[in-house]
Amino acid sequence: MTLRVVADLGLCQGHQMCTGEAPDVFDFDDDTDQVVVLVEHPDESLRPQVVAAVQYCPAMALAMEEE
Amino acid sequence: MGRENDVRVVFDPYDYATQDDPYPIYRRLRDEEPLHHNAEHDFWVLSRHADVAAALRDDATYSNRMGVSLDASAWHPEAHRVMSFLALDAPEQTRVRSLVSRAFTPRRVRELIPQVQGLTDRYLDEALGHDGSVDLDWIAQLAGKLPMDVISEMMGVPEADRDEVRRLSDLLVHREDGLYDVPPAGMEAAMSLFGYYTDLLAERRRQPTDDLTSALLAAEVDGDKLDDSEIIAFLFLMVVAGNETTTKLLGNAVHHLAAHPDQLATVFAEPDSFVVPWIEETLRHDTSSQILARHLRADVELHGCTAPAGAKLLVLLGSANRDERVFSHPTAYDVHRDKKELGQILSFGGGRHFCLGANLARLEARIVLEELVRRVDHVEVDTRRAVRVHSTNVRGFAELPIRVRRRTS
């Protein structure tokens, strides 16, 4: 089982909450005003960061999947 | 009156002196009573950045279900009928906000750029005349009009109706001196606006267009849709959260920059680099929306005090933005402030309730202020004639007389 991060760019509002919660996993594209997933399969140690980012995304644009 | 520290600090948002300048009280709250209780009005107060940020994320403990307003008449479990998801907790909040987000998309906001520019041009054309120095009221002639017009444009309110819709919207949020709740005229305006939006919705159901109202009717997640009362609640949320706050942002931006002529010179010389920091520093230094209320679902123990379950608790956004623990020289207005620091502002809240309209507010401010800089090369505020609104939670000007000097082309 590995962790996979999914960002729905149709929903991303560019509020950048995730880059604060999980700076190692998410970045922001200033040109498109949208999230960039830096690490699609983050290490298990980053799980708490990713959980917080998913939980607090105001646009509900982020999800975690187990593969 | 004795020396400040001889007496316990009391935070009373109804006190006019506090409204005129709440920041010294905020500082004492952060230092002396970071979890403060106002016995007279029976509410609790969080003022430090870390506590406010944590509360905004934790909607299991700090519930929005009673609304977010200090006004007694707006504090009840049905508040969501005019405040939509802002007065809901998960999972209800998640459901409604997900559906609304399908319609209120970043693309829809971006596509408003020509209309916002058009409104800005029209109001500045009217206000500035042709040459030389011009006196105008920044609020009456632009900042008080444009935000509601943008909301009407998004919703699909026909141009002929917009002045009347703006008049009703302004009555809705207007508070009379000495009265601590929604005045009768505000209640009547709410009923009229409710009727207007009900008719608009019925029309769009018969004949959809490409406006936000039609998109809200069409929005669907896994077969689930918004019903009419949920759509009207969101239209009201746009009015109560997106109109006056943006007006005040535009006013505060001009007021503070004009009070710092050296910074004004910098911004007006290099608008491409400095208009955005000007907006962000204004949002930090003197945010329009100062206070949000929460309803405690459980006891909150912090800093040796306990706020009990069932209590009303206020988070002070305006204080969090001035917290010395996060911001360097927080009382100084500084358009050169570090971008990382500005990233910490809580003016639009945080967590799942982060302001849906933040991008729209920033877009409007950028277009309006860039155009102002394009047309004039100097701004002075007549501070003696400036009039603040008396409000428990909104900070800004009802009247802001300014003198501008047009650029010679």
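Tutor: A salt bridge is defined here as a side-chain nitrogen of Lys or Arg lying within 4 Å of a carboxyl oxygen of Asp or Glu. The structure is a predicted model, in which local features need pLDDT of at least 70 and side-chain atom pairs count only at pLDDT 80 or more, while totals for chains, interfaces and linings use all residues. Residues are numbered from 1 along each chain as its sequence is written, chains are lettered from A and ligands numbered from 1 in the order in which they are written, and side-chain values use heavy atoms, with hydrogens and water left out.

Student: How many residue pairs are in polar contact across the interface of chain B and chain A?

Tutor: Seven residue pairs pass the rule, both residues being at pLDDT 80 or more. A polar contact is a pair of N or O atoms within 3.5 Å; within protein, one must be able to donate a hydrogen and the other to accept it, and residues adjacent in sequence count only if both atoms are side-chain atoms. The elements giving two or more residues to the side of chain B that touches chain A are α5 (92-103), α6 (106-110) and α19 (358-375) of chain B; α5(B) gives the most, with five residues. Such elements are DSSP runs numbered from the N terminus: helices (H or I) of at least four residues and strands (E) of at least two.

Student: How is the area between chain B and chain A known, and how much is it?

Tutor: The size of an interface is often given as the accessible area lost when the parts come together. Buried area is that loss, taken with a 1.4 Å probe and summed over both parts. Chain B and chain A bury about 1,400 Å² between them, 50% of it on carbon and sulfur atoms. In chain B, R57(B), R352(B) and F354(B) lose the most area to chain A, together 41% of what that side buries. The contact (heavy atoms within 4.5 Å) takes 18 residues from chain B and 14 residues from chain A.

Student: Is S152(B) called buried or exposed, and why?

Tutor: Buried means under 20% relative accessible area, exposed over 50%, and partly exposed in between (1.4 Å probe, protein chains only). S152(B) has 0% relative accessibility, and therefore counts as buried. S152(B) is placed in helix α9 (residues 146-155) of chain B and touches V157(B), R162(B) and V165(B), not counting residues up to four places away in sequence.

Student: Which residues have the most contacts inside the largest nonpolar core?

Tutor: A nonpolar core is a set of buried Ala, Val, Leu, Ile, Met, Phe, Trp, Tyr and Cys residues joined through side-chain atoms within 4.5 Å. The largest has 112 residues, and those with the most contacts inside it are F104(B), W138(B), Y197(B), F234(B) and W278(B). Its largest share, ten residues, comes from α19(B). Apart from this core lies another of 16 residues, including V5(A) and L46(A).

Student: What sets R325(B) and D31(B) in a salt bridge, and at what N to O distance?

Tutor: Their side chains meet at 3.0 Å, N to O, so the pair meets the salt-bridge rule. The pair links distant parts of the chain, 294 residues apart: R325(B) is in the loop between α17 (317-320) and α18 (339-342) of chain B, and D31(B) is in helix α2 (residues 23-32) of chain B. R325(B) counts as partly exposed because its relative accessibility is 43%, and D31(B) does likewise at 41%.

Student: Why are E244(B) and K248(B) separated by about one helical turn?

Tutor: They are so separated because they lie four residues apart in helix α14 (residues 244-258) of chain B. E244(B), at 14% relative accessible area, is buried, and K248(B), at 5%, is buried.

Student: What is the omega of the bond that joins A90(B) and P91(B)?

Tutor: Omega is about 5°, and the peptide bond is cis. P91(B) is placed in the loop between α4 (80-83) and α5 of chain B.

Note on methods. Buried area is the accessible area (1.4 Å probe) that two parts lose on being put together, summed over both.
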